[in-house]
Every structure is written in C-alpha cells, then in structure tokens.
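Subject: Structure handover

Hello,

The structure is below, followed by notes on what was found in it.

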Amino acid sequence: MSKYKYTYKFSEETTDLRYYTVQSNKKLTRSEMQDIAWSVEQTEGETYADERGKATFGGTEYGGDSQYQMVEGAENLLNGDDYDW
C-alpha cells in the first residue's frame, strides 16, 4: 500500500522542433533520409555518416506552448487555481 493518500497524473504536450541536415550523393527515399537523420546523436553540431550519406544535427527549438491534461486524480484537486486545463 502506498504511503500517499492521493495520486495525480497528468500529461504535458509540447511541440519541439529538431533540425537535421542530410547530405547524399544519391536520391533517398523519405525513410532512408529519416533513418540517416535519426542515427545522429541529438547534440547540436554532431554528425553521423554511413555509405548512404551524412547527417548533421542542427539543434532543438523547445516549444513554449505546453498543453496539460489530467489523466487521474482531478476529482481530488483543491479548488482555488486561477486557470483551467
């Protein structure tokens, strides 16, 4: 048994933008392009290369418009907040 009486679960949804550059000497399919891009470590400036081409991670722009949704426990929240999810 939990030592806590109430449990609250919620989700947070944001939109982050990740920038990739993929270079190749041949035309790629969308899935090939994504496979190369997603193989690079997500640290700005990092590169990954294989026989198909090269990917460079350009960085992440973090979303600022977070959306929240209660998953469990909303009925146990105290009133008084001045915003509504």
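Arginine 52 touches Gln23, Ser24, Leu28, Glu32, Asp35 and Ile36, leaving aside residues up to four places away in sequence; contact means heavy atoms within 4.5 Å. With aspartate 35, arginine 52 forms a side-chain polar contact of 2.9 Å (a pair of N or O atoms within 3.5 Å; within protein, one must be able to donate a hydrogen and the other to accept it, and residues adjacent in sequence count only if both atoms are side-chain atoms). Arginine 52 lies in the loop between β3 (47-50) and β4 (53-61) and is buried, at a relative accessible area of 19% (buried is under 20%, with a 1.4 Å probe and protein chains only).

This is a predicted model: local features need pLDDT of at least 70, side-chain atom pairs count only at pLDDT 80 or more, and totals for chains, interfaces and linings use all residues. Residues are numbered from 1 along each chain as its sequence is written, and side-chain values use heavy atoms, with hydrogens and water left out.

The C-alpha trace spans about 60 × 35 × 25 Å along its principal axes. Buried residues account for 11% of the 85.

Regards

How values were computed: Buried means under 20% relative accessible area, exposed over 50%, partly exposed in between (1.4 Å probe, protein chains only). Helices (H or I, at least four residues) and strands (E, at least two) are DSSP runs, numbered from the N terminus.
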